[in-house]
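I am opening a notebook on this structure. The entries below follow the order in which I looked things up.

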Amino acid sequence: VEASRACIEANQRQLYASARAYCEEALSLTDEGSEAFVHLALACIFLYNKTDEPQKALALLDKLIASNKDERVAYNLCFDRGMTLIRLQRFEDALQTLNACPPNEADQGKHDGAIAELYMMMGDAEKAAAAYDEALADDNKNSFAWFGAMVARMRAGRSADAKQAFLNGIA
């Protein structure tokens, strides 16, 4: 309990390295099958990413995914795993992970946008443009997706389509 409180306080004060240490201590003292462990693990994953330790975040995510029985949490764990793989520049693994995430209508636009950005990182502007189109089908008011679609279309050599995406984005 003390380590958990110290973790929360250090995190609030943006002392991420200290918060991470307290979080790890609290994790070591918590039953892995408990809900408290899941919450602490998620806090540690956040802190690992804040302190540039995505490999530790990935290991903890894999542990949570393997033991997760809550369908409501499955998508978020999968999505976070994909984002962590991107941080590790393991783009093919990230794409495979994101494509394997369980469906989640509430976050579909965010999901499609992440895949579009991943394709941009991989240098495939055509696939990025298609993924942005999917994100925009879910939310055509998303100016970030319109901007991404514009850039992807421009890089794909489709300047007229890029101009239209720009105009749609500022409309």
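In which helix do tyrosine 75 and phenylalanine 79 lie, and how many residues apart are they? I find both in helix α5, 4 residues apart, about one turn of the helix. Helices here are DSSP runs (H or I, at least four residues; strands are E, at least two), numbered from the N terminus.

Before going on I note the ground rules. This is a predicted model, in which local features need pLDDT of at least 70 and side-chain atom pairs count only at pLDDT 80 or more, while totals for chains, interfaces and linings use all residues. Residues are numbered from 1 along each chain as its sequence is written, and side-chain values use heavy atoms, with hydrogens and water left out.

**Entry: the ring pair**

I looked up aromatic pairs, taking rings of Phe, Tyr and Trp (its six-membered ring) with centres within 6.5 Å; planes under 30 degrees apart count as stacked, over 60 as edge-to-face and the rest as tilted. The count comes to 1 aromatic pair. The rings of tyrosine 75 and phenylalanine 79 have centres 5.8 Å apart and planes at 25°, so I log the pair as stacked.

I then checked burial (buried is under 20% relative accessible area, exposed over 50%, partly exposed in between, with a 1.4 Å probe and protein chains only). Tyrosine 75 is buried at 3%, and phenylalanine 79 is buried at 8%.

**Entry: histidine 111**

Histidine 111 lies in helix α7 and counts as buried, because its relative accessibility is 7%. Which residues does histidine 111 touch, not counting those up to four places away in sequence? I list Tyr75, Phe79, Leu98 and Cys101, where contact means heavy atoms within 4.5 Å.

**Entry: disulfides**

I searched for cysteine sulfur atoms within 2.5 Å of each other, which is the rule for a disulfide.

Cysteine 78 lies in helix α5 and cysteine 101 in the loop between α6 and α7, so the pair ties together parts 23 residues apart in sequence. Both cysteine 78 and cysteine 101 are buried.

Cysteine 23 and cysteine 44 form a disulfide with sulfur atoms 2.1 Å apart. Cysteine 23 sits in helix α2 (residues 16-28) and cysteine 44 in helix α3 (residues 35-50), so this pair ties together parts 21 residues apart in sequence. The torsion about the S-S bond of cysteine 23 and cysteine 44 is about -125°, so that disulfide is left-handed.

**Entry: cores**

A nonpolar core is a set of buried Ala, Val, Leu, Ile, Met, Phe, Trp, Tyr and Cys residues joined through side-chain atoms within 4.5 Å. The largest has 30 residues, and among those with the most contacts inside it I note Leu98, Leu118 and Tyr132. Helices α5 (71-87), α6 (91-100), α7, α8, α9 and α10 (159-170) each supply at least two residues of this core. A second, separate core of 17 residues includes Phe37 and Leu60.

Leaving aside neighbours within four places in sequence, I find leucine 118 in contact with Ile86, Phe91, Ala94, Leu95 and Leu98.

**Entry: helix α8**

The buried residues of α8 include Ala125, Tyr132 and Leu136. What covers the buried residues of α8 includes α7 (108-122) and α9 (143-155).
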